[in-house]
Amino acid sequence: MTTTVENPTPLVEADETGRPAKAPRGRVVGVLLWSLRHWSIVVAGAVLAVVVLWALAPGWFTHSNPTAIGAADKLLPPSSAHWFGTDRLGRDQFTRIVYGARASLSGSVVAVLIGVAVGSVFGALAGWFGRWIDAIVMRLIDVVLSIPGFLLAITIVVVLGYGILQAAVAVGITSSAAFARLIRSEVLRAKTSQYVEAAVASGARSSTVLLRHVIPNSWGPTLSLVTIQFGIAIIWIASLSFLGLGAQPPSPEWGRLVADGRNFMASAPYLVVYPALTVAAVVLASNHLARHIAERKK
């Protein structure tokens, strides 16, 4: 006597493509193994994630007022009450570093966006149209790159005025030359591809081909440069604030905090060490992720 089983239940479920679906436990194990192999990337991402949360929701990390003055709490060393100590006016240094992330990161984001926007326009025009447009744009890029970047940023800030926004604009204009040169090279490479030649042959306008085909396919190498320039923008904006050209007192900003604490290096070195370490950690994390992205694009 033969027993038949109708519609047996499969041991492994299949996804919509017909391939066996991975079990949730297997996915977790895979993520853990990847995290162990690439622990430095995980640490870099965690550093940037924490700093971004500082900028977006500083109240989650501290309930103190970054500008509140405490006459009885001047220059207190790090303790459980004040993790990073207090400054010469009794303000909590950890709170000021947390709230300073908003000015530093927002200024760096604005600088990178300006650099990408200006650089993309000039680089795309130079690479696509060539001839005299390419010659003029490349000479302008050569002039900008021939001037030390930080010196050019200082000059622009002096012209525009002091402030974190002016510092971001200055850094963005300075970094636009690097983006323009990269975008130009990518546009020149994309011009010879078959899909661009087909779009031109079909009668599409130059603006349409640039916006729909050339520029979107040029963003691969640009992404790693964006990450690198983000770290550079943080350093430059902090440096401008250190010189008094960026964020103005009493607004907390990492470079401004280093400048405020430099006169107390002998008696209260933590006023300089903690904000400086914060800048270093964010820049190193950003550069490490940029190198990882560049390796993945190869």
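The model is predicted, so local features need pLDDT of at least 70 and side-chain atom pairs count only at pLDDT 80 or more, while totals for chains, interfaces and linings use all residues. Residues are numbered from 1 along each chain as its sequence is written, and side-chain values use heavy atoms, with hydrogens and water left out.

Let me take helix H5 first. Helices here are DSSP runs of H or I with at least four residues, strands are runs of E with at least two, and both are numbered from the N terminus. H5 covers residues 149-160, twelve residues in all, and reaches 16 Å from its first C-alpha to its last. That is close to the 16 Å expected at 1.5 Å a residue, where the expected span is 1.5 Å times one less than the number of residues. Leu152, Ala153, Ile156 and Val157 of H5 are buried. Seen down the helix axis, the buried residues of H5 fall within an arc of 140°, so they line one face of the helix; the arc is taken over the directions from the axis to the C-beta atoms. On the other side of H5, Leu151 and Val159 are exposed. By our convention, buried means under 20% relative accessible area, exposed means over 50%, and partly exposed lies in between, with a 1.4 Å probe and protein chains only. As background, an α-helix has 3.6 residues a turn, so residues three or four places apart point the same way.

I turn now to the aromatic rings. The structure holds six aromatic pairs. Rings of Phe, Tyr and Trp (its six-membered ring) pair if their centres lie within 6.5 Å; planes under 30 degrees apart are stacked, over 60 edge-to-face, and the rest tilted. The rings of Trp54 and Phe61 have centres 6.4 Å apart and planes at 80°, so this pair is edge-to-face. Trp54 is buried, at 11% relative accessible area, whereas Phe61 is partly exposed at 30%. Phe150 and Trp236 also form an edge-to-face pair, with 6.2 Å centre to centre and 65° between the planes. This pair links distant parts of the chain: Phe150 belongs to H5 and Trp236 to helix H9 (residues 219-242), 86 residues apart. Phe150 is partly exposed at 25% relative accessibility, and Trp236 is partly exposed at 21%.

Next, the charged side chains. A salt bridge is a side-chain nitrogen of Lys or Arg within 4 Å of a carboxyl oxygen of Asp or Glu, and by this rule the count is six. Asp134 and Arg184 meet in one of them, at 2.7 Å from N to O. They connect distant parts of the chain, with Asp134 in helix H4 and Arg184 in helix H6 (residues 164-191), 50 residues apart. Asp134 is buried, at 14% relative accessibility. Arg189 is partly exposed at 47%, while Glu186 is buried at 10%. Salt bridges that share partners also join Asp87, Arg91 and Arg96 into one network. Within that group, the side chains of Asp87 and Arg96 meet at 4.0 Å, N to O. Asp87 is buried at 7% relative accessible area, and Arg96 is buried at 1%.

What of the surface? Val118, Val121, Phe122, Leu125, Phe129, Trp132, Ile136 and Leu140 form a nonpolar patch with about 760 Å² of accessible area together. Helices H3 (93-129) and H4 (131-146) are the elements giving two or more residues to the patch, and H3 gives the most, with five. One member, Phe122, is found in H3 and is partly exposed at 38%. Patch residues have over 30% relative accessible area and no salt bridge; nonpolar side chains (Val, Leu, Ile, Met, Phe, Trp, Tyr) are joined within 5 Å, and like charges within 9 Å. Accessible areas come from the Shrake-Rupley method with a 1.4 Å probe, and for residues only the protein chains shown count as cover.

Finally, the backbone. The peptide bond from Pro249 to Pro250 is cis, with omega near 0°, and Pro250 lies in the loop between H9 and helix H10 (254-261). Leu75, a residue other than glycine, has a positive phi near 50°.
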